[in-house]
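Please open the model in your viewer and keep the selection panel within reach. The stops below tell you what to select next and what to look for there.

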Amino acid sequence: MRHSEIVPMNRRRRISALAALLVVLCTATACSAAMPSMVTGVGEPGLRLIAPSVAGGGYDLTARSLARGWAAEDVVVDDVLVLPGSGGVVGLNRLALEQGNDRLLLVMGLGLVGALSTTPSDHSITDVTPIARLVTEPEVVLVPAASPLRTFADLLDRWRSDTSGLQFAGGSAEGGPDGLFRTQLARAVGVDPRASEYRVYDGGGELLPALLTGQVDVATTGVSEYLDQIASGTVRVLAVSSAERIDGIDAPTVREQGVDLDFDNWRGILAPPGLPPDRVDALTAQVESLVESPVWQEILLRNGWRDALLTGDDFASFLDEQADLVRTTIGPPTTG
């Protein structure tokens, strides 16, 4: 064998030995996460978003809107994980188990705060990392197009005269935004909220069929999940809960119709526990950049949302205030 044939073989052996050594070293250290980038050119993984409601619900819509907005900002979102159950409690418990996972976020809102007051849970919001409140969203009072309740005044007359005869429903637990709005509305118009039935559905994806098939008479729910049905005339809005009317929806506010009440739902994001401060700051900066983008402003307009950014200690304090709101409205949380 010629010397020129021996040298390449030796080189191949040295290269193979070096590659094996790299695998051993990277297995024993944290550099394994960097190997795909060095060897194959694949970048680090993107974010994963948990939407803790059924597909088509408000959390799902928010998660997919975040993914779209971040894509325009070159922030990669690998997928949206739909994980319904107990008004968001199932999603929260999953998040709380992901100690130090800086690639996972939970979309949440007042619905989760309320669910924790009515549903036993292994974890609470204080067990995870608050990142930001993003938006507020008005509630609407909805009936099917064929409903005999043509106006908000019709609803109040019927509710006051036959309180137990009306069946209400919402896409959140009694302590969530849909249930809280119904309870506060009942008290504001002089009706005992406990005297009329309130059925709970896991998001708008389940609530809409129940409303359209007559299983329930009235829905109190967030506006964004029903914009298509409102535009097509499948459902009718009797009133909106916000202080001002909603662009594109031909319905007065509750206050305009003589009821002393304003109410807004909201949505935000949480991260797992155990994140270092610099990673929390980086996630917060990504949110702050997103909400200033033209794409996000278009998303707000399309869904009837309003910008309501809160981060850091301000968001943490707000979460405490919302828990107090739930407790004063429906009572103390369930233990279990």
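The structure holds 16 salt bridges, where a salt bridge is a side-chain nitrogen of Lys or Arg within 4 Å of a carboxyl oxygen of Asp or Glu. Side chains of opposite charge can pair when their charged atoms come close. Before you select any of them, note that this is a predicted model, in which local features need pLDDT of at least 70 and side-chain atom pairs count only at pLDDT 80 or more, while totals for chains, interfaces and linings use all residues. Residues are numbered from 1 along each chain as its sequence is written, and side-chain values use heavy atoms, with hydrogens and water left out.

Select Arg48 and Asp79, which form a salt bridge whose closest N and O atoms are 2.9 Å apart. This pair links distant parts of the chain, since Arg48 lies in strand 1 (residues 47–51) and Asp79 in strand 2 (residues 77–82), 31 residues apart; helices (H or I, at least four residues) and strands (E, at least two) are DSSP runs, numbered from the N terminus.

Next, select Arg302 and Glu298, whose side chains meet in a salt bridge with an N to O distance of 2.7 Å. Both belong to helix 11 (residues 294–303), and because they are four residues apart there, about one helical turn separates them. Arg302 is partly exposed at 49% relative accessibility, and Glu298 is partly exposed at 29%.

For another pair, select Glu98 and Arg94, which meet in a salt bridge at 3.2 Å, N to O. Glu98 is partly exposed at 23% relative accessibility, and Arg94 is partly exposed at 28%.

Now move to helix 8 (residues 204–212), and colour Gly204, Leu207, Leu208, Ala210 and Leu211, which are buried. Seen down the axis of helix 8, these buried residues fall within an arc of 170°, so they line one face of the helix; the arc is that of the directions from the helix axis to the C-beta atoms. What do the buried residues of helix 8 pack against? Their partners are strand 4 (129–144), strand 5 (167–170), strand 7 (218–222), helix 9 (227–232) and strand 8 (235–240), with contact meaning heavy atoms within 4.5 Å. Helix 8 is followed by Gly214, whose phi is positive, near 80°.

On a 1 Å grid over the protein atoms alone, a pocket is an open set of points where a 1.4 Å probe fits, with protein on both sides within 12 Å along at least five of seven lines, and lining residues have an atom within 4 Å of a point. Of the 32 residues that line this pocket, the closest to its centre are Tyr59, Gly111, Gly171, Ser172 and Gly203.

Finally, zoom out to the whole protein, whose secondary structure comes to twelve helices and ten strands, and of whose 336 residues 49% count as buried.

Terms used: Buried means under 20% relative accessible area, exposed over 50%, partly exposed in between (1.4 Å probe, protein chains only).
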